[in-house]
Amino acid sequence: MKKLLASLLAVTCLSHFAPSFPVRAEAAPLKLRLASVTTATDQLGMGLQKFKELVEQKSGGSIKVQIFFNAALGGERVALEACQKGTIDIAIASQSNMSLFCSDFLVFDLPHYILPTDANRAKLYTALDSGELGTYLRNKLNSVGLQPLFYPETGCRQHLLRNKRVTKVEELKGLKMRITDSIVERELCEALGIYPVAMSFGEVLTAMRQGAIDAMGLPLASFATMNQDAEIAKYALITDYNYYMSPVVMNLRKFNKLTPEQQKIILEASQEAVAYEREEFNRQENAARDFLTKEGMEIITLSPEEMA
């Protein structure tokens, strides 16, 4: 009996004086919200999904990326403003809308600033990804609170026409065409006698369907993945008038608050995702003509002399 009482006393004393150690709760994953006006199935959307997959894989799930497609968080300008303020972490936008925040991007709105051969595209990729051009643009974007992550390819804009068959550039005169807020786009339209109508990308298909505009500028691959048909655009005039990209940017304060390891994960995932996206663009662009022709669109190509 004495032994039992002694044992009970010892246990009580140990439990009373034993130090208590707090149980560490598992850290919640870092969540990043990404805004896009694109669909999930075009080359840009697939590039963003690859970025999400790589970030979550490389971080072991400690970083999660939530993508909002189809302008769920607003048009590109709204998304960029929110990204700049930090209410959205990451945004993707055309170079035209990016120029509203960093005017240097206006140079990429110039018509035919690059002949889009494979060799020229490769040189542009290198300059953007690891060259002086990329460094210059990073510094400019940093000065307005944005951190560039990668530069996906969007392809050449073509003139997509609602119901007027056009075989030469001069015949575009008098049409109402959707543009972004880019001053270069506006002046190009005015030089061709086109009436420019600035509107958010999320409004374009409805405007085309209802006849509020007669034309829009978009790569064939981007239009094809919207699953639209000749009801929206019966004709496409292949002018390659602008080779453009859609930069992906992150709120700079958010990026700077990441640990060096987290920053490394984001940047490595960005470079792998953009390589994947550019390959996907080539695949979709090659398939787009056949798909759109079957859907009832007539694709009209200018002669080399007319393109010159």
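Student: Which residues of helix α7 are buried?
Tutor: This is a predicted model. In it, α7 runs over residues 183-191, and its buried residues are Val184, Glu185 and Cys189.

Student: Where do they sit around the axis of α7?
Tutor: They cover an arc of only 135 degrees around the axis, so they lie on the same side of α7.

Student: And what covers them?
Tutor: The cover over the buried residues of α7 includes α4, β5 (153-161), β6 (176-179) and β7 (195-198).

Student: β6, then. Where does arginine 178 lie, and is that residue buried or exposed?
Tutor: Arginine 178 lies in strand β6. It is buried, because its relative accessible area is 10% and the cut-off for buried is under 20%.

Student: What does arginine 178 touch, leaving out residues up to four places away in sequence?
Tutor: Arginine 178 touches Val197, Met199, Ser200, Phe201, Val204, Ile213, Ala215, Met216 and Gly217. As for methionine 199, it is 21 residues from arginine 178 in sequence, and the C-alpha to C-alpha distance is 6.5 Å.

Student: Back to helices. Which residues of α6 are buried?
Tutor: Gly134, Leu137 and Leu141 are the buried residues of α6, which spans residues 132-142. Seen down the axis, they fall within an arc of 70 degrees, so they line one face of the helix.

Student: What covers the buried residues of α6?
Tutor: Among the elements covering them are α4 (95-98), α5 (118-130), β4 (146-150) and β10 (248-251).

Student: How do the axes of α5 and α6 cross?
Tutor: They come within 4 Å and cross at roughly 45 degrees. That angle makes α5 oblique to α6. The crossing is right-handed.

Student: Which residues meet there?
Tutor: From α5, Leu124, Ala127 and Leu128; from α6, Glu132, Leu133, Gly134 and Leu137. By class, the contact has five nonpolar, one polar and one charged residues. Leu137 and Gly134, which meet α5, are also among the buried residues of α6.

Student: Now α2 and α11. At what angle do they cross?
Tutor: The axes of α2 (residues 43-58) and α11 come within 8 Å and cross at roughly 150 degrees. The two helices are therefore roughly antiparallel, since angles over 145 degrees count as such. This crossing is right-handed.

Student: Who makes that contact?
Tutor: On the α2 side, Gln43, Leu44, Met46, Gly47, Lys50, Phe51, Leu54, Val55 and Lys58. On the α11 side, Ile265, Ile266, Glu268, Ala269, Ser270, Glu272, Ala273, Tyr276, Glu277, Glu280, Phe281 and Gln284.

Student: How does the contact of α2 with α11 split by class?
Tutor: It has eleven nonpolar, four polar and six charged residues.

Student: Where is glycine 296 found?
Tutor: Glycine 296 is in the loop between α11 (260-294) and β11 (298-301). Its relative accessible area is 44%, so glycine 296 is partly exposed. Tyrosine 235 is 61 residues from glycine 296 in sequence, but 8.8 Å away in space, C-alpha to C-alpha.

Student: Last topic, the chain overall. How many helices and strands are there?
Tutor: The protein chain has twelve helices and eleven strands. Of its 308 residues, 46% are buried.

Student: What share of the contacts with a separation of 6 or more is between residues 24 or more positions apart?
Tutor: Those residues account for 74% of such contacts in the protein chain.

Notes. Residues numbered from 1 in each chain as written. Predicted model: local features only at pLDDT ≥ 70, side-chain atom pairs only at ≥ 80, totals over all residues. Heavy atoms only, no water. Buried < 20%, exposed > 50% of the residue type's maximum accessible area, 1.4 Å probe, protein only. Arc of directions from axis to C-beta. Contact = heavy atoms within 4.5 Å. Axes fitted to C-alpha atoms, helices over the stretch in contact; angles between N-to-C directions. Parallel < 35°, antiparallel > 145°, perpendicular 65-115°, else oblique. Left-handed = near helix turned anticlockwise from the far one by under 90°. Nonpolar A, V, L, I, M, F, W, Y, C, P; charged D, E, K, R; others polar.
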